[in-house]
Amino acid sequence: AYEFTTLCCQPSVFYVNNAKIQLLDLPGIIEGAAEGRGRGRQVIAVAHSCDLILVVLDATKDDRQQQLLVRELEAVGIRLNKRPPNISLRVKKGGGLTVNFTVPCPRLNLKTVQQILQEYKIFNADVVIREDCSADDFIDVVEGNRKYVRCIYVYNKVDMLPLDEIDKIARRPYSVVISSSALWNLEQLKERIWEELGISRVYTKKKGQFPDFEDPVVMTEQRGPCTVETAVSMIHKELLKDFKFALVWGSSAKHSPQHVGLSHRLADEDVLQIFKRI
């Protein structure tokens, strides 16, 4: 029997809390995928555009399978369950290098920063390092093309393991245990996906009508701040040109309705009514 038989991307859709989520089943990643083996580059290219990655693992095997997958994704600039380093880099035309550390940084010093920038032919720049970080973190900032994605490690086939082993795996960070054949824990996996995506549902309302609670505008933390501007652009980008103001009902409003602009931050299950310039 083959360990995986998915040969191309298989899209599907499922619903959690009235929000439609698209799931893409990708071919398995093998060693050397970052260099193109097993159509690895095409598979990883899809992962670059997603909001959440589910790494499906065989619970009956050791941790080498997880280490292999993480290593291949790291090789193409995908950082799992990490946030961008709090480092500011501004390249300029002249004036030399200016490097400021606002906090103690034992893993990175001035000489290392200068050497890295010289390797990338950057001789004029302002650098501000606001947290303790490593040389690899600084290189990620210089490269500027890293993708920081949340990830859930989904351990399948746990029905073949004893309870104490299942409990040990379930306590690992960012992990969920399931059995697809026995239909174990699938609802908890859906709830975990919901939590990791940080979804906010915004319901739209036309003047003089009830809100549309059937088809919300779904926003995630990965795609930017949950603001009126983001919601309007997701409805239609042309609306931004004619936007005048909006009315908001819900937990983000100080009073209902509240007259707001594009920068107003929305909360989950808010109701939004948009007004255009005439």
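I take contact to mean heavy atoms within 4.5 Å. Helices (H or I, at least four residues) and strands (E, at least two) are DSSP runs, numbered from the N terminus.

**Ground rules**

I am working on a predicted model, where local features need pLDDT of at least 70, side-chain atom pairs count only at pLDDT 80 or more, and totals for chains, interfaces and linings use all residues. I number residues from 1 along each chain as its sequence is written, and side-chain values use heavy atoms, with hydrogens and water left out.

**Whole chain**

I looked up the secondary structure and found eight helices and 14 strands. The C-alpha atoms fill a box of roughly 65 × 60 × 35 Å along the principal axes. Among contacts with a separation of 6 or more, 60% join residues 24 or more positions apart.

I then took the domain bounds, which come from an automatic or database domain assignment. Domain 1 is 10–82 + 147–197, domain 2 is 87–143 and domain 3 is 200–276. The centres of domain 2 and domain 3, taken over C-alpha atoms, are 39 Å apart.

**Helix α4**

I asked which residues of α4 (residues 135–143) are buried. They are Phe-138, Asp-140, Val-141 and Val-142. These buried residues pack against the strands β4 (78–80), β5 (87–91), β7 (125–129) and β8 (147–156), and against helix α3 (110–119). Just after α4, I noted a positive phi of about 75° at Gly-144.

**Largest nonpolar core**

I define a nonpolar core as a set of buried Ala, Val, Leu, Ile, Met, Phe, Trp, Tyr and Cys residues joined through side-chain atoms within 4.5 Å. The largest one has 20 residues, of which Ile-53, Val-55, Ile-78, Leu-80, Tyr-153 and Tyr-155 touch the most other members. At least two residues each come from α1 (40–48), β3 (52–58), α2 (64–75), β4, β8 and α5 (163–170). Strand β8 gives the largest share, four residues. I also listed what Val-55 touches beyond four places in sequence: Leu-69, Cys-151, Ile-152, Tyr-153 and Val-154.

**Two buried residues**

I checked Thr-220, in the loop between β11 (217–219) and α7 (228–235). Thr-220 counts as buried because its relative accessibility is 10%. Its contacts, leaving aside neighbours within four places in sequence, are Asp-51, Leu-197, Gly-198 and Ile-199.

Ala-231 sits in helix α7. Why does Ala-231 count as buried? Its relative accessibility is 1%. Not counting residues up to four places away in sequence, Ala-231 touches Val-217, Met-219, Leu-266 and Leu-272. I also read off 9.8 Å between the C-alpha atoms of Ala-231 and Arg-201, which are 30 residues apart along the chain.

**Second largest pocket**

I found a volume of about 210 Å³ for the second largest pocket. Its lining includes Lys-205, Phe-210, Asp-212, Ile-235, Leu-239 and Lys-276. Strand β14 (residues 270–276) supplies the largest share of the lining, three residues. I sorted the lining by class and got five nonpolar, two polar and five charged residues.

For the terms, a pocket is an open set of points on a 1 Å grid over the protein atoms alone, where a 1.4 Å probe fits, with protein on both sides within 12 Å along at least five of seven lines; lining residues have an atom within 4 Å of a point. Volume is the space filled by probe spheres set on the points, joined across faces, edges and corners. Ala, Val, Leu, Ile, Met, Phe, Trp, Tyr, Cys and Pro count as nonpolar, Asp, Glu, Lys and Arg as charged, and the others, Gly among them, as polar.

How values were computed. Buried < 20%, exposed > 50% of the residue type's maximum accessible area, 1.4 Å probe, protein only.
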